[in-house]
Amino acid sequence: MATRWGICSAGKISHDFSVALRTLPPEDHKIVAVAARDLQHAQEFAKKHNIPRAYGSYEELAQDPDIDVVYIGTIHPYHLSTGKLFMKSKKNVLIEKPLAMNSSEVQKLVTSAQDNSVFLMEAIWTRFFPASLEVRRLLSQGEVGDVQMVRADLGAPLTHIPRLAERELGGGALLDLGIYCLQFIFLVFNGERPESIQATGHSIDTGVDGTVVLVLKFSGNRLAVCTCSITMNLTCDAVITGTKGVIKVPHHMWCPTTLEVNGQETEFPLPEAGMPLNFTNSTGLRYEAEEVRQCLLKGLKESPGMPWAHSSLLAEVIDDARRQLDVTYDQDNIQ
């Protein structure tokens with residue numbers, strides 16, 4: 001039986017997610033309905049993606065009895081309210097990253113999932129790419145020995161995009177790009193909490209972080225460096241240095257299709273898209289969708305690949321870094 005999806009928000013990422021779902025077997029994944037705050041927008045989206053139902057409010061989607069899971073592609077500040085809306089209606093949810101604006105909101109979403117006994121996952125799509133699964137396998141088998149250092153960079157000049165630059169839209173380098181670098185670090189260190197977090201960087205004139213460098217120290221003198229920026233081009237790669245070798249994600253570290261292990265390169269090609277995409281390698285969104293399906297089939301409430309503890313840790317580390325940088329949002333109660 002197919003997993004029946006509802007799509008919340010008819011924006012660019014929801015378009016790419018819908019295209020990615022079409023690369024999976026139709027007997028496994030089916031989009032039943034889409035909702036936007038504007039009915040015409042939802043209807044246009046439904047027509048483009050051949051979706052049977054279109055709603056002009058999220059509440060209508062929440063009441064649809066034929067939906068197993070809702071993909072939430074709204075901008076960051078709406079993740080908490082929309083997530084709670086669907087979970088209270090006993091819908092499973094896959095919420096775009098970041099899961100919420102801060103750790104307090106993340107905890108509220110987790111509590112809502114527990115109270116309503118539904119599945120909740122932060123859409124860290126990177127985790128489920130074949131290249132990422134291979135990184136996990138290599139580390140578990142000690143292919144590069146004991147990990148000593150991890151470095152991850154992601155940046156591009158993006159301040160012209162309002163949702164990335166405006167404070168009230170949840171803009172800033174950490175929430176949008178730094179989260180990819182940090183999730184990679186926590187993947188390598190198995191969700192271990194760092195012993196210390198040092199953040200430095202600068203804000204742009206809207207008050208959000210423009211470029212940030214984070215240095216994390218873990219037990220046993222293991223280190224990680226994360227650099228993210230919405231003001232400049234960075235290498236957008238990641239490197240794991242161990243006592244016996246090096247694993248590199250040479251480019252597109254947030255949606256990896258190439259891996260280099262001790263100089264040996266392996267390609268992990270993606271399926272072709274059925275229509276134009278808005279973002280790089282977006283057919284790779286199929287992997288997180290399949291992860292959701294597998295979790296639902298097993299009756300799980302959280303994904304072993306992206307557990308709630310990792311989402312909480314991500315939010316707490318970003319909160320800590322923002323405190324050091326003096327970057328706050330209206331959603332914060334940071335003293």
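Author: **Salt bridges**

D332 and R322 form a salt bridge (a side-chain nitrogen of Lys or Arg within 4 Å of a carboxyl oxygen of Asp or Glu), with the closest N and O atoms 2.7 Å apart. Because R322 sits in helix 10 (308-325) and D332 in the segment after helix 10, the pair ties together parts that are 10 residues apart in sequence. Helices (H or I, at least four residues) and strands (E, at least two) are DSSP runs, numbered from the N terminus. D332 and R322 are both buried, where buried means under 20% relative accessible area, exposed over 50%, and partly exposed in between (1.4 Å probe, protein chains only).

The model is predicted: local features need pLDDT of at least 70, side-chain atom pairs count only at pLDDT 80 or more, and totals for chains, interfaces and linings use all residues. Residues are numbered from 1 along each chain as its sequence is written, and side-chain values use heavy atoms, with hydrogens and water left out.

By the salt-bridge rule, the count comes to 14. One of them joins D68 to R4, with the closest N and O atoms 3.0 Å apart. D68 lies in the loop between helix 3 (58-63) and strand 4 (69-72) and R4 in strand 1 (residues 3-8), so this pair ties together parts that are 64 residues apart in sequence. D68 is partly exposed at a relative accessible area of 23%, and R4 is partly exposed at 22%.

Another salt bridge links R53 and D64, at 2.7 Å from N to O. R53 belongs to strand 3 (residues 53-55) and D64 to the loop between helix 3 and strand 4, 11 residues apart. R53 is partly exposed at 28% relative accessibility, whereas D64 is buried at 2%.
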